[in-house]
Amino acid sequence: MEDQLSKVFAALADPTRRDIVARLAVNDATVGDLAEPYDVSVQAVSKHLKVLEGAGLVSRSRDAQRRPCHLEAEVFDLMTSWIERYQKEAEERFSRLDDLLARMDDNGNVQQPEQQERGAS
């Protein structure tokens, strides 16, 4: 079975679903409201919403005759944590590369930090 993070990334792989998420970030909307700008049927938009619901990104409530869709923004925290973890690792690798490049002379020889300090004084 897929984990929630995989479901969220898979759901957002489709541009129509990303657009629906962007619109729901502004306001709750019904399926009919969400379907208006697209050249697809309401049923097709409902299928997109079911995928988003399955990933936990969207929920539906009942308001009299309306069933507004709501963005569950806290799911983005899961994605943000995952992305930040790899961003931090990449930044640390770039920092080590910057340090190494700073210690290289014009011939490609790498000075040890203590050699570099002696050369600077």
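In this predicted model, in which local features need pLDDT of at least 70, side-chain atom pairs count only at pLDDT 80 or more, and totals for chains, interfaces and linings use all residues, the side chains of R66 and D63 meet in a salt bridge with an N to O distance of 3.9 Å. A salt bridge here is a side-chain nitrogen of Lys or Arg within 4 Å of a carboxyl oxygen of Asp or Glu, and by this rule the count comes to four salt bridges. Residues are numbered from 1 along each chain as its sequence is written, and side-chain values use heavy atoms, with hydrogens and water left out.

**Salt bridges**

- R66 also meets D33 in a salt bridge, again given as 3.9 Å from N to O, and this pair links distant parts of the chain, since D33 belongs to helix α3 (residues 31-35) while R66 sits in the loop between β1 (58-60) and β2, 33 residues away.
- Helices (H or I, at least four residues) and strands (E, at least two) are DSSP runs, numbered from the N terminus.
- D33 has a relative accessible area of 33%, R66 has 38% and D63 has 43%, so each of them is partly exposed, the class between buried (under 20% relative accessible area) and exposed (over 50%), computed with a 1.4 Å probe on protein chains only.
- In helix α5, R85 and E89 lie four residues apart, about one turn of the helix, and their side chains meet in a salt bridge (3.9 Å, N to O).
- R85 is partly exposed at 48% relative accessibility, and E89 is partly exposed at 34%.
- Salt bridges that share partners join D33, D63 and R66 into one network.

**A buried charge**

- E72 is found in the loop between β2 (69-71) and α5 (75-103).
- E72 is buried yet has no salt bridge, and the nearest side chain of opposite charge, R60, is 11 Å away; in this scheme Lys and Arg count as positive and Asp and Glu as negative, while His and the chain ends are not counted.
- Apart from neighbours within four places in sequence, E72 is in contact (heavy atoms within 4.5 Å) with G56, L57, V58 and S59.

**Helix packing**

- The axes of helix α1 (residues 4-11) and α5 come within 10 Å and cross at roughly 100°; axes are lines fitted to C-alpha atoms, for helices over the stretch in contact, and angles run from 0 to 180 degrees between N-to-C directions.
- That angle makes α1 roughly perpendicular to α5, because angles of 65 to 115 degrees count as roughly perpendicular, under 35 as roughly parallel, over 145 as roughly antiparallel and the rest as oblique.
- Q4, L5, V8 and F9 of α1 make the contact with V75, L78, M79 and W82 of α5.
- The axes of helix α2 (residues 15-26) and helix α4 (residues 42-54) come within 10 Å and cross at roughly 75°, which makes α2 roughly perpendicular to α4.
- Here the contact is made by T16, R17, I20 and V21 of α2 together with V45, H48, L49, V51 and L52 of α4.
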